[in-house]
Amino acid sequence: MDHVCAGRGSHAAHQRSARSAAGVSRRTVPGRHMTESRKGRDDQTALARLTDELVECIHCGLCLEACPTYVELNREEDSPRGRIYLMRSVAEGRAALDGSVLHHLDVCLGCRACETACPSDVKYGFLLEHTRTHIEEASHRPMWQRLGRRLLMEVFTHSATMALAMFFATLPSRLLRRPPSAPGGIVSRIMGGHGDGGDLRLERFPPLRPSRLPRLTPAAGEKKLRVGLLEGCVMPVLFPEVNLATVRVLSKLGCEVVVPPGQGCCGALHVHNGYGRQAARMALRNMAVFEAAQCDVIVVNSAGCGSTMKEYAGFFPEGSPERERAAALSAKVRDISEVIAGLLEQADLKPVEMTVTYHDACHLAHGQKIRLEPRRMLSAIPGLKLVDLPESDHCCGSAGVYSFTQPDMAVRLLKRKVANIESTGADVVATGNPGCQMWIRSGLKLEGSSVRALHPIEIVDLALDGATTSGDSPSRH
Ligand code: SF4
Ligand code: SF4
């Protein structure tokens, strides 16, 4: 089917074609049947609030080839346009929010590549988050799945419980003296996933306790900025070396680094998976903590967390004081690459002889529109050769807890990503998000690849003569 952008005047024709492609028919799912059920009415009312945004989609289809799930499955229902059509069908009482609709929304990665491609500026991420919040609040899943999802949210968003969970998950490989790995299949089943999940290959056994950063690190030399750092939930357990490298680099480049006590999860996993109220509570906690720390900027070294913190205002109602406070806080949030790229220009950098390719984390490229800064940062390092990665902004399949909920699609996307990385001949793939780093690293190990997956800040740290980090350690040669 050839969908060409023809403007809003041809809505009816586009709606007909999208409706038929999405498998929703007026005859098979008449509105009057929907309104007979209370749940159906509730679904309709909840999604009707999104109508202003839903009607912005002109069904042009320019987002289709950017959508990883559409590219893999070639089905309209698994495209952005198809999903928007499904949401609108529920909002207008023409379809039920049943298992089939739920499935197509669950298969969505939330990568927001469709937002980048969309000429009509449709806020797909907003639509998905609000629809998912309704799905969870209206209890559209079996109870055991709801409990499993909540449990996983809690585990992943508290460093201490995550460290404990990772200890038990890696216990079989510890006892059997095998390389560190965590089984994904059990978690996947609890989450209602389809497929086995497979093992997550780790670089080393995670520590039993999260690795905490110093509360205050002074600037080396003249202080240029007072920086507040988000420590994160995953970083202190799986990537403590990335946090340490971040502090070292910031300090060497003239930043005083504050890691305010009392901070917690940014709320990204919650808001992306339909737990909007909890995400708002998490935002309030971080707002209070970082306001009190009185920093010039708040630095985040995880793309997903930075993207969420920049959108805190959207968690609160229009006109509320919380929304105003959130907007003020978000204005200070920077990805680490935004701060470092400028400061590096005057830095004394040592050569790092390596060939590096760069994977655009979705919530950096699509969520925050940051593509240049990480590349500028890496290109500034003498001796480093930066090579293009084909499909660099195509999601790797990690996507928060997606690799547990939709392991089949996650693994397909991972294999595609690994093949693209291998095709570059690079020694290292750099990416600014812990989920991508963990997932891609695991994929490379499973394929027997010698390519290492690092955070860009680890490479900058090396160029600034930082201590050699642990994990998938960078080295000069
Ligand atoms: S968020 Fe990603 S997976 Fe979902 S519809 Fe958009 S492009 Fe496709
Ligand atoms: S989401 Fe945007 S790009 Fe995709 S079909 Fe709708 S208007 Fe076109």
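**Loops, ligands, core and sheet**

Modeller: Let's start with Asn-74, which is exposed, with a relative accessible area of 57%. Keep in mind that this is a predicted model.

Biologist: Where does Asn-74 sit?

Modeller: Asn-74 is in the loop between α5 and α6. Its phi is positive, about 55 degrees, although the residue is not a glycine.

Biologist: And Arg-112, what is its phi?

Modeller: Near 65 degrees, again a positive value in a residue other than glycine. Arg-112 belongs to the loop between α7 (99–107) and α8.

Biologist: Is Arg-112 buried or exposed?

Modeller: Buried, with a relative accessible area of 9%. That is under the 20% cut-off for buried, whereas Asn-74, at 57%, is exposed.

Biologist: Switching to ligands. Which residues come nearest to ligand 1?

Modeller: Cys-67, Arg-83, Cys-108, Cys-111 and Cys-114, out of 13 residues around ligand 1.

Biologist: Which helices each supply at least two residues of that shell?

Modeller: α5 (68–73), α6 (80–91) and α8 (113–117).

Biologist: How does the shell around ligand 1 divide by class?

Modeller: Nine residues are nonpolar, two are polar and two are charged.

Biologist: What about ligand 2, which residues are closest there?

Modeller: Cys-57, Cys-60, Gly-61, Cys-63 and Cys-118. The shell of ligand 2 has 13 residues. By class, nine are nonpolar, three polar and one charged.

Biologist: Let's zoom out. How many helices and strands does the chain have?

Modeller: There are 26 helices and eleven strands. The chain has 477 residues, and 59% of them are buried. Take contacts between residues at least 6 apart in sequence: 75% of those join residues at least 24 apart.

Biologist: How many residues are in the largest nonpolar core?

Modeller: 82. Leu-250, Ile-340, Ile-440 and Ile-459 have the most contacts inside that core. Helix α24 (residues 407–424) gives the most to this core, with six residues.

Biologist: Now the open sheet of five strands. What is the strand order?

Modeller: β3-β5-β4-β6-β7, with mixed pairing. The edge strands are β3 (216–217) and β7 (333–335), and each pairs on one side only.

Biologist: How does β3 run against β5, parallel or antiparallel?

Modeller: Antiparallel, with two bridges joining β3 to β5 (residues 255–258). Leu-216 stands opposite Val-258 in β5.

Biologist: And β4 against β5, parallel or antiparallel?

Modeller: Parallel, joined by four bridges. The bridge partner of Leu-225 in β5 is Cys-255.

Biologist: Which way do the β5 residues point?

Modeller: Cys-255 and Val-257 point one way, Glu-256 and Val-258 the other way. All of them are buried, Glu-256 included.

Biologist: Which helix lies across β3, β4, β5 and β6?

Modeller: α15 (residues 240–252), which runs at about 145 degrees to β5.

Definitions and conventions: Residues numbered from 1 in each chain as written. Chains lettered and ligands numbered in written order. Predicted model: local features only at pLDDT ≥ 70, side-chain atom pairs only at ≥ 80, totals over all residues. Heavy atoms only, no water. Near = heavy atom within 4 Å. Nonpolar A, V, L, I, M, F, W, Y, C, P; charged D, E, K, R; others polar. Core = buried A, V, L, I, M, F, W, Y, C linked by side-chain atoms within 4.5 Å. Buried < 20%, exposed > 50% of the residue type's maximum accessible area, 1.4 Å probe, protein only. Pairing = 2+ DSSP bridges. Contact = heavy atoms within 4.5 Å. Axes fitted to C-alpha atoms, helices over the stretch in contact; angles between N-to-C directions.
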